[in-house]
Each structure stands twice: as structure tokens, then as C-alpha cells.
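Hi,

Here is the structure I promised to pass on.

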Amino acid sequence: MNLNDPNRSSSDTKKIEDRCNKQIPDYELKYRLLFETVSDAIYLLSEKGEIIDVNKSACVCLGREKEEMLQLSINDVDQNFSADQFLAFWNEVPFNTLKQYESIHKLKNGDVIFVEITGQKFILENTTHYYIVAKDITKHQKSENALAESEKRFRDVMENVDAVAVQGYGLDGTTQYWNKASERLYGYTQQEAIGTNLLDLIIPPEMRDIVAKEMRGMAESGHPIPSGELSLLHKDGSQLPVISHHTIVKVPGREPELFCLDIDITHRKQAEAEKEKLQAQLNQAQKMEAVGRLAGGVAHDFNNMLSIILGNIEILEEDIAPDSPLLSSIHEVQKAAERSADLTRQLLAFARKQTIDPKVLDPNNTIEGMLKMLKRLIGEDIDLLWKPNEDLWRVKMDPSQIDQILANLCVNARDAIKDVGKITIETDNFCFDENYCRVHQGCFPGEFVLLCVSDNGSGMDKETMENLFDPFFTTKEKGQGTGLGLATVYGIVKQNDGFINVYSEPGQGTTFKIYIPRHEACQTESPVMASEKSLKGCETILLVEDEKSILNMTKMMLERLGYTVLPANIPEEAIQICNDYTGKIDLLITDVVMPSMNGRELSRTIMKAIPNIKCLYMSGYTSNAIAHRGILDDGLNFINKPFSKQVLSVKLREILDNEKD
């Protein structure tokens, strides 16, 4: 402090000298000195935002005299706020809560500087006040502070600053000041702390020798130790992480004193620990990525070969006599192929295990409990349609896993929809027989509960579909997705011995069909799907399917049922067949979603040439999903993929026999 400051009155100088010469502790002066020696600009504001006190740094920073500053309001300085905006902003901030933000301050000469604000709203003398610290981040300069107004007011400010624990120590370590925030942070009252050596108060035993040495060094050099992060003791023995800022206050005629300003960073450390935990999990997942991709590639090729093996075994079983000696060998090959398929499923599932708590539950109840949250998740512009099967079977799985499946699928569906759209959630009961499962990889015989989530969004191309469940595969922009959502869904379904079918085309939306095993044992009476015999026919069928493997498999089914099949891989080929074929075509079976023309448009075109032809639409989408996209109307003949030969045969006779009636 410069007592020869020409701006200081003789009475002010005499007053400070008198206080400096006193032998009893006078913390008002110390806090005034601390206030004035801070290099950042500090403003004390009235409840209306008027400047009632500033430090010298604020005057130097803005190029104004203190008397001039005391005539201003904060909105005369802060270019981001009008008076009303300033009060409205701070009205939302709780009392005694540290608030940080960046702003722009205007200098007297018209220039502006960028500042980092740290402020607090508090009660002083039964009135709301604001304590604002402005750090110049334009030039990052430090400037000296000057003494200003009311020392008592400044001490009251320090006592009411809730987020900063302030302590004063002699350089021998004796505690001389302890504010209320220190009481709350460390658990000691002022009476307990003052007069106690800080080594015995808040310094952990393993640090005491180091701190004692640093205190001696400060006493000799007169310079504080650097500010930084420390772990200090609470009264209950626990350790607290703090950021501690240190400064030495020197008052003429008095021993220098160390002031510590401590800020609790417990929440920050917890967040850092959580981040480290997540990073470790990510690192582990990345290690598994290469293995997962390798497993996926091997399983894809291997399952293709197994499909050919199992499909041909089914044909051989139908063609070989029951008493043939070859049948036993064929069954052994079939068992080996099925065991190989099991190994492939295990290979895909090993990296996606998690701890679960399975419960027998009604999926409808779990889903209904999620609907409100899902509606908030997808937003108001997207309709959420819920279509449950009221007689749904039970499953045994962790209910939180259903929540995870729905959340991930609905978020993906939301992101695939531009502007307005619709997401449909459906449940149903489903049964697969052994013959069907032999020719459809990933399926298992038995009774299943179906959870279906469909949308009318942008859909996916074949390349995306091929990598859909790979960990870290995402089509979203960098930072918008982790690529773990569908991998999580896949892992959950596999862990519960279920399977997933996905149907999607660019511009036509996406349908996820998830099959979870029924928990209860099968009923005495066999499901119609499993027990119904194949019904044969002799009609001619035009079959249109853009996926060649499905085209060939369906053609084989129809021919074994006795039908004459005219296969077409694209709609244009089907139209050409109609124009060239001289016989009668009784039925059109067409996929609904195809690249160049949808099934409804194709049927309308063909009906112009063959007015009486009947039509059966097939699709991986639900009938509701197709209806709400306007492609199929209710009441038209429709069969869901996947379907067995028995189900297809019954559907065909239903359509063709009705035609004859």
C-alpha cells in the first residue's frame, strides 16, 4: 500500500496508519487490502445494479476515476446487459451461488474488452447485493488494485461469499481468520479453528512436513506458494479435493499473513472419475471391435454356407424314403450343421454380455410404462402409435433391457425421420416350426413374443444394413452418435436367446422385429402354424422379389406345393412376362418395397393387362406400417416375412379358393 498516493486524503492516510500501528488483530483492514490487491476488477452492486464500490483494478481497466464509477450502473459498463436484463438474469440465480459467464465491457474511450465474470448474489444489511469479479481475458494483464471504500462492508462481503472458503494464517501456521464458508467446507467452527495450527487442522499427516517447510520458505522469501489443487482434511477425517489460491498480505507494522481461498472441487473430481471410467469402458470396447468385426465376417459367410447345407438337407429329407439307410447319415449332418450355427451365435454374442436381473413379466406393461418417456424422447412432431396384443405371452428378462431396446430403436427412428413422421410399436405372439428354422439362419423353433418397432423415415441401403449391429458403426455425423445403440440391442436380444429381423429400403422406412422366447411351456394343443399341413395347388403364379435369395427360396416352396412359378427379380421383368406369357396367370405374389416400383404400383399395372388376377403382397414391414405410409390399404391380401411353406400354402388356398367360389 502506498501511503503517498496523491489521490488519498490526509485523513484517510492517518486512519490507515493508525490501524496499521494497532497491536490487536484488525481483519477489516486486511480484507480491504486483500480486496484492493486483487488484480481483477471487482464490483459491488446494489440490488438495482448500481455500482456502490469498485476496486482500483476496475478503475484502471475501464479508464475511469472512482468517483465517476460510483455514478454508474453495471449496464453502463457491461455491453451484454441492459439494466432490466441484468436484474432478470440474476433473478434466476440462487443466493450465495457462484455464477460464471463471459461478457464484454466498454471502456471510457469507447473501446471494448472481453472479460470472464465470476459473480454472486447475496444478502448484505438485509438487502440484495451483487459481487462481481471481472477478469480481462483480452490481454490477460494484471494490474494493481487501490484501496477504496468501507472496510466493514468488504469484510461482510467476504463473510457472505458462500462458494469460497477463506482462511488467514500467520506464517507460523496459526489460524487467524476462518469464514463461514470454511466452516461449511471443513466442518470446524471459527472458535475451533482460530488459534489452531493449520498443520493440525486440515493438513493430512503425510503432507505436514512438506507444508511446514513451505511455510518457513514463505516466511523467509515473502512469496506465497503457487496456487493449485490440494487434498485437505475435513473434521470427520475424510479428504476434500480443493483448488487453493494463496496470497500474502503485508501490512506496515504487522507480520505478513497468508490468505488461502479454497474452492471445493468434489463434484468436478467425481465427474473426472466417471469420465475415466467411461474412457476405460470405451477402450475395452475398442479392443473388442476388431474381434467383433472378424466374428461378424466369419459368421456371415459361415451362416450362408450353413443355410445352403440346411436347405438342401430339408429337400433330401422330403425326397428320401423314411426307411432309407441314408436318412440316419443326413440327420447327423443336420445336427452338426445346427451345432455349427449355435457356435456362430455364441461367437457373435461373447463380447456383448452384461449382468442382468431377469423377471417373468408382461412386455405390454413394461412398454406402457415407457410410453410417456418415449414421447418426450422423440418430440412432438413425431406420432407414437402403440398397438399391443392384449393376450400377449410372458417373457423372462430384465425389464430394463426392454427399456434399453425401445429407447435405442426409437432414438434411431427419430433421427431417421425428417420433420414430421410416425413410429409404431407393436407386440404379438409368434411361433416358428423346425422346418422353417432350418432354412432361415438365426431363427429357433418354438413360441416367441414379437416386439416390433417401425418408422416411416429415410430407411437404409444394403451397405448400412450389412454393418447395422457392428460396434461403433454409425451413419451419424461425428459427435452425434457412438455407434453402440444397435450393438446394445443386438447383445440384449442374443443374451435372452432371441433374434432380430430388420427390413428397410432407402426412402421407405425401417422395421425391427425382435423375437424373445415365451417363458411359459407350450400349450397342449399345437399352434396352427406348427401343425397345419401344406395345402397344394396347380395354378400359375407370377412371383416378384428383388432379393434373389428370397426369390429362389420362395420359388422352391411354391414349386414343391405344385404351382407353376414365373419368377421376376424386378418389376419391369414381371411386366414383360405378363406381356409375353400366353397361358393364364392366376396370382401375383409381389414384395411391397422394391427399388424402382412398389408392389401396389406393380399390381395396378399388371391388372390393366390381366383384370381378374389376384394379388398377395409380402413384406418384412407390418401391415400397419405399410398402411400408414399409404402403400397398402386395409383388407388387401398380405403375408409377413418371414413365412414358412405351411403358412404360405394356407394363404394361397385362401386367396385362390375364394376366387373360384
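Let's start with Ile405: setting aside neighbours within four places in sequence, this residue is in contact (heavy atoms within 4.5 Å) with Leu451, Val489, Ile492, Val493 and Ile514. Before going on, please note that this is a predicted model, where local features need pLDDT of at least 70, side-chain atom pairs count only at pLDDT 80 or more, and totals for chains, interfaces and linings use all residues. Residues are numbered from 1 along each chain as its sequence is written, and side-chain values use heavy atoms, with hydrogens and water left out.

Back to Ile405, which sits in helix H15 (helices, H or I, are DSSP runs of at least four residues and strands, E, of at least two, numbered from the N terminus). Ile405 counts as buried because its relative accessibility is 2% (buried is under 20% relative accessible area, exposed over 50%, partly exposed in between, with a 1.4 Å probe and protein chains only). From Ile405 to Ile492 there are 87 residues in sequence, yet 7.9 Å in space, C-alpha to C-alpha.

A cavity here is a set of points on a 1 Å grid over the protein atoms alone where a 1.4 Å probe fits but cannot get out, and lining residues have an atom within 4 Å of a point. Two or more lining residues come from each of H14 (363–378), E13 (395–397), H15 (399–416), E15 (446–455) and E17 (510–517). Strand E15 gives the largest share, three residues. The lining is made up of 11 nonpolar residues, with no polar and no charged ones (Ala, Val, Leu, Ile, Met, Phe, Trp, Tyr, Cys and Pro count as nonpolar, Asp, Glu, Lys and Arg as charged, the others, Gly among them, as polar). The space inside is about 80 Å³, a volume being the space filled by probe spheres set on grid points joined across faces, edges and corners. Searching the whole structure turns up one cavity of 30 Å³ or more.

Now for a residue elsewhere, Gln120 in strand E4 (residues 112–124). Gln120 is buried, at 1% relative accessible area. Its side chain reaches the backbone oxygen of Asn96 at 3.3 Å.

Cheers

How values were computed. Polar contact = N/O pair within 3.5 Å; in protein donor to acceptor, adjacent residues only side chain to side chain. 1 Å grid on protein atoms, 1.4 Å probe; cavity = no way out; pocket = protein on both sides within 12 Å on 5 of 7 lines; lining within 4 Å.
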